[in-house]
Amino acid sequence: MSSTENKSVASGSSSRRDDIRHALHLFRQNPLVLVGLAISSVTLLISVLSPFLVNPALANDTHSLVKNCWNNPIISWGSNISTCPGAVHPLGTDAFGRDLLDMIVLAIPVDVRIALEVVLSALIIGIVFGATAAYAGGIIDEVILRITDIFLAVPGILLAIIFLFVFGRTFTVLTVAIVIIWWPTYVRLLRSQVLSEREKPYVEALRAMGAGRARILFRHIVPNSIYPLLVQATLDIGSVILTVSALTFIGLSPSDLLPELGNLASQGFGYFFQAPWEIIFPGLTILLISLGFNLLGDGIRDIFDPRLRR
Amino acid sequence: MVFVLFGLSLMIFLLLRAAIPPTFALAPYITPRMTGPQKLILAQSLGVATQSCPSFTAFSSLQPSCLVPVWDQYGAWLHSVLTGNWGYTLLPGLQAGLTTLAVFGERFPYTAQLAIMGAILTIAIGIPLGVVSATHNNKLPDHISRIISLGGYSIPQFWFGSVLLILLALDLRVGGLGLLPTSGALATDCAICFPNPGTIHTITGSPILDGILNGNFGYGWDSFVAYILPAVTLSITTLGALTRIVRSSMLEVLKQDYILLARSKGLSERVVVYRHALKNALLPAVTVAGLITASLFGGVVVIEIVFNLPGVGSTSLGAFNVDDVNFIELYVLVTAAIIVVTNLVVDIVYAKLDPRIRY
């Protein structure tokens with residue numbers, strides 16, 4: 001074991017393998033990252049497999065049920081429309097009499113898809129405009145910065161409400177609205193990274209070798225300054241899901257029957273004294289997914305943080 | 001700052017004028033008794049209909065000769081915004097002829113009360129949590145504080161609020177205390193609980209402040225109690241950002257040479273941490289705390305709905321449902337102005353506190 005380590009250090013050419021080993025070491029050291037990794041992998045897996053696990057047609061299969069449960073002096077839950085958690089329905093049924101577990105499995109891909117779309121779009125916009133602002137400097141930089149200022153001054157949820165009001169309640173509008181809330185952070189993050197990266201000697205060397213501006217920027221500087229953005233993107237998957245579910249919870253979902261975590265909770269909100277599981281389980285799912293991606297992002301940050309290396 | 005406000009007004013204007021028919025913009029200004037020609041004159045004075053428009057029906061059927069290009073509407077729009085000409089409210093259940101501005105003015109103090117209580121709680125919990133986290137780096141208190149801040153960061157506001165309400169309902173069923181109310185801006189029904197409920201004069205509009213200013217402390221206390229759960233929900237979900245900043249800036253400061261000097265002088269750990277390090281570490285926290293407070297004004301929509309509070313956040317959703325454009329517009333512009341002004345104030349305060357910064 002120690003001999004192979006010595007060899008790799010001595011050769012010096014396998015620094016990438018060293019980095020990976022170091023990353024794995026940090027991963028093992030921080031059990032919370034592993035929890036985050038596990039939760040986010042399971043989330044992504046469920047998102048992909050969802051249509052095979054649960055028949056999507058079940059979302060339209062609504063019926064009312066009459067059932068009371070857990071009647072004792074302390075808790076008397078039960079409502080005339082939904083069934084309590086039990087053997088038949090592990091998490092009970094929702095306000096439309098649909099199995100809540102099935103609905104949550106159907107809802108996860110909806111939220112995860114929006115989150116991934118938002119984060120990827122914001123990432124691309126951030127890279128293009130952030131790199132341009134930092135590298136061009138001068139008036140272009142100033143204009144891009146001032147525009148991000150404008151968007152950062154509006155509370156995100158209010159801007160999203162206006163977008164949904166103007167362009168109608170669809171998931172496309174919702175996604176675009178959240179991208180518009182999110183992109184300024186990425187632009188500013190990449191801009192500051194590029195600004196510090198630009199001053200490094202290798203950039204000067206490239207310039208001396210006669211490499212073009214665009215080539216230096218997008219082939220060399222951007223790949224070197226992208227890690228903080230990837231961390232931010234991982235952290236933001238959770239935040240985007242929180243924002244989406246908050247918007248659908250307050251009633252801005254495209255349809256009442258649509259399985260989406262915030263919408264499921266919203267439909268259950270009216271009955272939370274009789275059937276608290278209708279809001280507890282969808283909310284708990286959001287909490288877990290968000291926590292998972294946050295833990296993962298936090299761990300990746302530690303791994304890429306040069307101050308923590310060796 | 002002026003540029004940001006201008007750009008923002010332009011964006012809101014374009015969204016709410018260019019993308020939806022001009023009849024939406026006119027609706028809040030029409031009163032039931034108006035005749036067609038009067039409506040047309042109104043539309044022309046607001047800059048949404050052309051002078052050559054033949055009749056109001058032609059305008060409302062969107063005839064091309066009646067439509068003013070969007071760019072030409074901006075001046076008139078800005079004029080009504082700045083002169084407070086926001087028209088009448090379209091919200092149901094309110095007395096007719098009430099202006100949007102009056103409704104906003106009446107409900108905004110409730111939102112301000114919630115945002116400020118939430119901010120105070122966030123600062124009161126977030127800063128000590130960050131300090132403890134830094135002084136006990138990678139030990140148990142640090143882990144606990146990280147879990148609280150990361151957990152709070154990941155909790156849906158509506159879920160945390162609802163769980164608090166469900167727990168409270170259980171408590172009521174057991175016949176427990178049941179002290180905290182589950183909805184409304186006041187904990188109890190005023191007629192029963194106050195010695196003389198008639199003495200409340202509206203001064204600020206916020207029940208807590210009005211109670212204190214009127215000397216009717218029961219009334220103020222009652223509203224304070226009603227806002228405890230909403231404020232806790234608000235602060236739990238926002239304190240992560242503050243804790244993280246305080247922790248990292250405290251860790252940074254504790255590495256500085258002057259801390260080493262203070263320690264080598266033989267000063268106690270308490271004095272080093274709280275007299276030397278904390279003051280310097282709090283500088284970045286001032287910025288973040290200011291911005292968090294400002295953003296809370298726009299971030300209370302979900303909490304106001306869960307706890308059924310009569311603030312502008314929950315009202316703007318009602319406005320959404322009845323196509324009351326002006327109320328939403330007013331809310332967005334006011335919160336944005338609060339954020340921009342706070343930004344400026346925070347910059348000035350920061351420069352005053354940190355002599356190294358000179359503009």
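Helix axes are lines fitted to C-alpha atoms, over the stretch in contact, and angles run from 0 to 180 degrees between N-to-C directions. This is a predicted model, in which local features need pLDDT of at least 70 and side-chain atom pairs count only at pLDDT 80 or more, while totals for chains, interfaces and linings use all residues. Residues are numbered from 1 along each chain as its sequence is written, and chains are lettered from A in the order in which they are written.

**View 1. Packing of helix 6 and helix 16 of chain B.** Helix 6 (residues 100-135) of chain B packs against helix 16 of chain B at an angle of about 135 degrees, with the axes 8 Å apart. Helix 6 of chain B is therefore oblique to helix 16 of chain B. F104(B), R107(B), F108(B) and T111(B) of helix 6 meet V312(B), G313(B) and T315(B) of helix 16, contact requiring C-beta atoms, placed from the backbone, within 7 Å.

**View 2. The side of chain B that touches chain A.** The contact takes 41 residues from chain B and 38 residues from chain A. Among the elements giving two or more residues to the side of chain B are helix 1 (2-18), helix 7 (140-154) and helix 17 (325-353) of chain B, whereas helix 8 of chain B gives the most, with 11 residues.

**View 3. The buried residues of helix 11 of chain B.** In helix 11 (residues 217-226) of chain B, the buried residues (20 or more other C-beta atoms within 10 Å of their own) are Y219(B), G220(B), D222(B), S223(B) and A226(B). Seen down the axis of helix 11 of chain B, these buried residues fall within an arc of 160 degrees, so they line one face of the helix.

Terms used: Buried ≥ 20, exposed ≤ 12 C-beta atoms within 10 Å, placed from the backbone. Helix = DSSP H or I, 4+ residues; strand = E, 2+ residues; numbered from the N terminus. Arc of directions from axis to C-beta. Contact = placed C-beta atoms within 7 Å. Parallel < 35°, antiparallel > 145°, perpendicular 65-115°, else oblique.
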